Amino acid sequence: MFTMRNAPTQAHARAPARLLEVRQPTVAGEVLELEPFSSAELEALFRGGEAGADFCETVLARAARGRGAVDVALAEGLHALRQGDRLPQLGCHLDDYAREVLDLGRRAAEELARLGRELGTRPLLREALRSGRVRLRAAQTVLGVAKGGEERVWVERAARLTVRELEERVRRAGALPEEDDEAWLTLRTTLDDEERAAVDEALALAGEIMPGSSRMEQVEAMAQELAGVLPAHPDIPDADHLRAMCGALRPVGDGVQARAHQRAAELEAETERWSLLSALPEVRVPGAGFEAGATAQELDAAVRELARLRAQWDDLLGYCGLAVKKSRMYQLLGFSSFRQYCEERLGLSARSVEQRAALEERRWRSPALTEAKRQGLPFEKLRLLARLPDEELGSWTPRAHALTCVELRR
């Protein structure tokens, strides 16, 4: 863990006071009240490599280390709860328990429980993770190949190679890195100025109708709207035109992705693996593991405390992560993309960081959502409320306290 008292004097003088006043997260459960940055504050903070910007980035990197360590402990706790009839004793399935008690999404809970299970048969990888020598994203990358007599070799690679290098070696070994099971598909098309203006206007309108929606959700809504009016449109007698329009969208070729990959490798070499960035201390996983004979109630209490600590690290992760992403500071630090920054510098999956940054961005634009967070609503409920227009948020917040996530989603 870390304490803000160690921050440099110059950073104290320039960084926003609200960031400097953040205390080291504890398991006490208090809500961190982090006021949104304005555009002017972001510009002032990150302009020209100010010390305050460096401090914000260091806070983010240390928070990511802390979150990663808690995730390892949570993984073992969830796996322990899955053994025998412990979850039935608590009256729930893993999905319900993770979502309603721990404020974890279904996919995140399944991934952590799987990690906890696999670490039970990989003692070397488990010890390297618990000591902080190997970070979470690197461990997830080699999890499928660090087995048996090969475990020691892969643990040493995970401790010294970048995630990009690890992914290449895992593929050469005939396996897929953890996150390749749902590969992203990038599409491209050609638009003239008039068409681009129309698409931009449609996306902006979709964003107003669906506050908090992602870009892909907005594109899907546009496609549904077009499909809904197409049969009755007097100028489009059949679906041929629609098929022609869809045909204009084509996947980005392997060459584009290969160039992006090559650029990432070049920056990695140019910066000597970002050697000029401030070194970060290794963070040991809290606790010594979960006893085989622990009761369901004892495990439940320990896992709940870990989840509270994780939520507090997530507050810093979303807050500082959005500031670094919006300012594009990661490019100044020598990373080709925010994803590479998350995986190599933060040691976490980009999806995990971007989810929290996206919610934080919505909160910065919404006083009602900020108030809901101040009242202690957890992340999963805030994500659901973020879909609502601002004028409806205030009336939904009291109901969100009383409802489960499933009821609130319905």
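User: Which residues are linked in a network of salt bridges?
Analyst: This is a predicted model. The network of salt bridges links Arg 67, Asp 71, Arg 310, Asp 314 and Arg 356.

User: How many salt bridges does a search of the whole structure find?
Analyst: The search finds 32. One of them joins the side chains of Arg 345 and Glu 57, at 2.9 Å from N to O. That pair links distant parts of the chain, with Arg 345 in helix H18 (residues 338–346) and Glu 57 in helix H4 (residues 51–82), 288 residues apart.

User: Are Arg 345 and Glu 57 buried or exposed?
Analyst: Arg 345 is buried, and Glu 57 is buried as well.

User: What does Glu 111 form a salt bridge with?
Analyst: Glu 111 pairs with Arg 351, and their closest N and O atoms are 3.1 Å apart. Glu 111 is partly exposed at 23% relative accessibility, and Arg 351 is partly exposed at 24%.

User: Which side chain meets Glu 361 in a salt bridge?
Analyst: That of Lys 326, at 3.4 Å from N to O. Glu 361 has a relative accessible area of 30%, so it counts as partly exposed. Lys 326 is also partly exposed, at 43%.

User: Staying with H16, where does Arg 308 lie?
Analyst: Arg 308 lies in H16, which covers residues 296–327. Its relative accessibility is 36%, so it counts as partly exposed. Arg 308 is 238 residues from Val 70 in sequence, but their C-alpha atoms are 10.0 Å apart in space.

User: Where is Glu 272 found?
Analyst: In the loop between helix H15 (254–270) and H16. Arg 273 lies in the loop between H15 and H16 as well. Glu 272 is exposed, at 59% relative accessibility, whereas Arg 273 is partly exposed, at 37%.

User: And what follows H11?
Analyst: Gly 174, with a positive phi near 90°. Within H11 itself (residues 163–172), Val 163, Arg 164, Glu 165, Leu 166, Glu 167 and Val 170 are buried.

User: Surface next. Which residues form the negative patch?
Analyst: Asp 192, Asp 193, Glu 194 and Glu 195 form it. Glu 194 lies in helix H12 (residues 193–209).

User: Why does Glu 194 count as exposed?
Analyst: Because its relative accessible area is 66%, and exposed means over 50%.

User: Last topic, cysteines. How many disulfides does the structure hold?
Analyst: It holds 0 disulfides.

User: Is Cys 92 buried or exposed?
Analyst: Cys 92 is buried, with a relative accessible area of 17%. The cut-off for buried is under 20%. Cys 405 is buried too, at 1% relative accessibility.

Definitions and conventions. Residues are numbered from 1 along each chain as its sequence is written. This is a predicted model: local features need pLDDT of at least 70, side-chain atom pairs count only at pLDDT 80 or more; totals for chains, interfaces and linings use all residues. Side-chain values use heavy atoms; hydrogens and water are left out. Patches are made of residues with over 30% relative accessible area and no salt bridge: like charges are joined within 9 Å, nonpolar side chains (Val, Leu, Ile, Met, Phe, Trp, Tyr) within 5 Å. Accessible areas come from the Shrake-Rupley method with a 1.4 Å probe; for residues, only the protein chains shown count as cover. A salt bridge is a side-chain nitrogen of Lys or Arg within 4 Å of a carboxyl oxygen of Asp or Glu. Lys and Arg count as positive and Asp and Glu as negative; His and the chain ends are not counted. The place of a charge is taken as NZ of Lys, CZ of Arg, CG of Asp or CD of Glu. Helices (H or I, at least four residues) and strands (E, at least two) are DSSP runs, numbered from the N terminus. Buried means under 20% relative accessible area, exposed over 50%, partly exposed in between (1.4 Å probe, protein chains only). A disulfide is a pair of cysteine sulfur atoms within 2.5 Å.
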